[in-house]
Amino acid sequence: MMNMDHILKLVQSGDLDVAEAKRLLEEEREQPSAERPAGAAAHAGRQTDAREAVLGQAPGVPGIDDTLGYAQLDLHRAERTGFPEVIYGEGKSAEQIAAIMERLSAHSDRVLATRVSADKAAAVLERFPGAVYRAEARALTWLRGGQTPDASGTAPYIAVVCAGTSDVPVAEEAAVTAECFGTRVERVYDVGVAGIHRLFRRLPLIRGADAVVVVAGMEGALASVLGGLVAVPVIAVPTSIGYGASFQGVAALLSMLNACAPGISVVNIDNGFGAGYNAALIIKNQTKRDDR
């Protein structure tokens, strides 16, 4: 019998689509038993078929570029998830980041690398000069033809709201991520609860957004406050900003997870990328529905 567990694991991980998995299983079932290879050879043949499908050698199945040796690039991720693969820069050398950006740019109209230090960025830009480094966000972006989000007054947008100036780097990671994926962003910074009157005068702009990213450290109260003031999804980002008992963001994380205001979802500590990505997906899918 075919290794059904292996096929199901590939489907679960997103490396094999459901239609192709069904085709492989049906072919195996329809093949006469006398024609089936036996024992270890049969298992190896099935593994090869599945691997070829995953590598994109079967029609309609996403492809992988593993020619760099140290990375397997998911070239068709945008077809499955809506956005292309993103490079996580921490732990990678400048040479690796540059090489991956070059490969991805050949298959996509946008490339994003997050958590890239200034010295690595300088080395990458020498090899890949078309990219732009956003120092505050620690992000490298490349857009084919220098595309920019639709900034017109009628375009849907997300509001990226942060409590204090110390939270801006995480907020900028969220904003740059969303902008790289073509989403208009409105920034509302330094409106934490210590001076809550600053927030109220910006409420019309925040309420006009289709999703709100809230970035806060210390006790993380801003997410709960905004959750009770807006009628759109709120994506809360706890930051590691704060004194000792904030436990590098754990206090803000727990506050946000325990928020009594509905409509709040929470990402990991300092994960501006995850929040910006989720907000951009909300806009993308809303726009898709509006265009139907």
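In which sense do strands S7 and S8 pair, and over how many bridges? S7 and S8 pair in the parallel sense over five bridges, where two strands count as paired if DSSP finds at least two bridges between them. This is a predicted model, in which local features need pLDDT of at least 70 and side-chain atom pairs count only at pLDDT 80 or more, while totals for chains, interfaces and linings use all residues. Residues are numbered from 1 along each chain as its sequence is written, and side-chain values use heavy atoms, with hydrogens and water left out.

**View 1. The whole protein, to get your bearings.**
Twelve helices and eleven strands make up the protein; helices (H or I, at least four residues) and strands (E, at least two) are DSSP runs, numbered from the N terminus. Of its 292 residues, 44% count as buried, meaning under 20% relative accessible area, with exposed over 50% and partly exposed in between (1.4 Å probe, protein chains only). The protein exposes about 14,700 Å², and carbon and sulfur atoms supply 53% of that area; accessible areas come from the Shrake-Rupley method with a 1.4 Å probe, and for residues only the protein chains shown count as cover. Among contacts with a separation of 6 or more, 64% join residues 24 or more positions apart, a contact being heavy atoms within 4.5 Å.

**View 2. An open sheet of five strands.**
Follow the order S8-S7-S9-S10-S11, with parallel pairing. Strand S8 (184-188) and strand S11 (264-266) are the edges, each pairing on one side only. Neighbouring strands are turned by 25° against each other on average, direction ignored; axes here are lines fitted to C-alpha atoms, for helices over the stretch in contact, and angles run from 0 to 180 degrees between N-to-C directions. Helix H7 (residues 168-180) packs on the sheet, touching strand S7 (157-162), S8, strand S9 (211-216) and S10, and its direction makes about 165° with that of S8.

**View 3. Strand S7, covered on both faces.**
Six of the six residues of S7 are buried. In a regular strand the side chains alternate between the two faces of the sheet. Here Tyr-157, Ala-159 and Val-161 lie on one side, with Ile-158, Val-160 and Cys-162 on the other. The bridge partner of Val-160 in S8 is Arg-187.

**View 4. Helix H11 against the strands.**
Strand S10 (residues 234-238) and S11 pair in the parallel sense over three bridges, and Val-234 stands opposite Ile-264 in S11. Helix H11 (residues 250-257) lies across S9, S10 and S11, running at about 155° to S10. Which residues of H11 are buried? Ala-252, Leu-253 and Met-256 are. Seen down the axis of H11, its buried residues fall within an arc of 100° (taken from the directions from the helix axis to the C-beta atoms), so they line one face of the helix. Their cover includes S9, helix H10 (221-227), S10 and S11.

**View 5. Thr-114 and its surroundings.**
Thr-114 is found in strand S4 (residues 110-114). This threonine is buried, with a relative accessible area of 4%. Leaving aside neighbours within four places in sequence, Thr-114 is in contact with residues including Tyr-88, Glu-90, Arg-138, Glu-173 and Phe-273.

With a disulfide taken as a pair of cysteine sulfur atoms within 2.5 Å, the count comes to zero.
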